[in-house]
Structure formats: structure tokens, C-alpha cells
Amino acid sequence: IVDGMTPAEAVEERFERLVSIRGVGPKLASQLMRDLALCYGLESNLEPVSRLYVVPVDKWLRRVAPFVIDEPDVEDMADWILAGKIAKYARLADVSCVRFTMGVSCFGQSHGHGPETFESRLLEATNPSVTLR
């Protein structure tokens, strides 16, 4: 997997091969590829078009997407479109999409014990002058 994460065609091919394994879906394949990209420092080698394959779409990413993506109907986007948009917006903000998605998952697991809690903690984290306790 690591050896094939440079040309765009190879990244998609590795992703498709992983998904073809019984029990491995797109989210798990993306998560594995994301973690390998981080461990081996490969994100900067990935072409922008290939970065959607290292963005696992989980419930936390879906909940944070309307705060990050300034487009209509973000809540209804297909996973692969949402992954591409997250990769695009991270690139435009000069932020690692790998680290961003890891942070969103960690944040969600720590503060996601209810819709009100997640959103209020997210607003508090993004605007330190707001305290919503």
C-alpha cells in the first residue's frame, strides 16, 4: 500500500483493492490509508485528486462538515464527495487533511456525547472568547 501511494492512479487502485476484501468498506480502507500516509509521511506526495482516499467519512466528520464546507446541502453529500470536499478545503486552508480528520474523530469521541454538547464544544474550540458551559 505504501509503495503505491504516489501516482494518482495507484492510490485509487490500492483503495479499490482494499475495498474488494470482504469486510473492508470505504471508511476502513480510507482510515488505513490515512494512518499509513501519516506514519510514512506520504500526504505531501499525494496529488490533490488522490487525497479523498485518505479521508474516512465518519459521523464526526459529517457533523463538522457544515462548519467547514461553505456549500449548500453538505449534510446530503455522498461520502466520496464529502471526502473530496474536505480534502479540497483542507488544502485551500493549508491544513493537513490527514491530521484534520484524525482531530475531528478524536474531538468527536471526546466531546460527542450528544448533539448539543458536540456543537457547543466545537463552537467553544473554534472561538475561545465564547464559553457555552
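Me: How many residues does the largest nonpolar core have?
Reply: In this predicted model, the largest nonpolar core has 33 residues. Those with the most contacts inside it are Met5, Met33, Val54, Val55, Leu61, Ile69 and Leu82.

Me: Which elements give two or more residues to this core?
Reply: They are helix H1 (8–19), helix H2 (26–39), H3, H4, helix H5 (97–111) and helix H6 (115–126).

Me: And where does the largest share come from?
Reply: H4 gives the largest share of this core, with six residues.

Me: Take Met33, then. Which residues is Met33 in contact with, leaving aside its neighbours within four places in sequence?
Reply: With those neighbours left aside, Met33 is in contact with Ile1, Met5, Val11, Arg14, Phe15, Leu18, Tyr53 and Val54. Met5 and Val54 are also listed among the core residues with the most contacts.

Me: On to the helix pair H3 and H4. At what angle do their axes cross?
Reply: The axes of H3 (residues 59–68) and H4 (residues 79–92) cross at roughly 50° and come within 11 Å. The two helices are therefore oblique to each other.

Me: Is the crossing left-handed or right-handed?
Reply: H3 passes H4 in a left-handed crossing.

Me: Which residues meet there?
Reply: From H3, Leu61, Arg62, Ala65 and Val68 meet Asp79, Leu82, Ile86 and Tyr89 of H4. By class, the residues of this contact are six nonpolar, no polar and two charged.

Me: Changing topic: Ser105. Where is it found, and why does it count as buried?
Reply: Ser105 is found in helix H5. It counts as buried because its relative accessibility is 13%, and the cut-off for buried is under 20%.

Me: Which residues is Ser105 in contact with, apart from its neighbours within four places in sequence?
Reply: Apart from those neighbours, Ser105 is in contact with Arg34, Asp58 and Trp60.

Me: What about Asp94: where does it lie, and is it buried or exposed?
Reply: Asp94 lies in the loop between H4 and H5. At 72% relative accessibility, Asp94 counts as exposed. Its phi is positive, about 60°, and Asp94 is not a glycine.

How values were computed. Residues numbered from 1 in each chain as written. Predicted model: local features only at pLDDT ≥ 70, side-chain atom pairs only at ≥ 80, totals over all residues. Heavy atoms only, no water. Axes fitted to C-alpha atoms, helices over the stretch in contact; angles between N-to-C directions. Helix = DSSP H or I, 4+ residues; strand = E, 2+ residues; numbered from the N terminus. Parallel < 35°, antiparallel > 145°, perpendicular 65-115°, else oblique. Left-handed = near helix turned anticlockwise from the far one by under 90°. Contact = heavy atoms within 4.5 Å. Nonpolar A, V, L, I, M, F, W, Y, C, P; charged D, E, K, R; others polar. Core = buried A, V, L, I, M, F, W, Y, C linked by side-chain atoms within 4.5 Å. Buried < 20%, exposed > 50% of the residue type's maximum accessible area, 1.4 Å probe, protein only.
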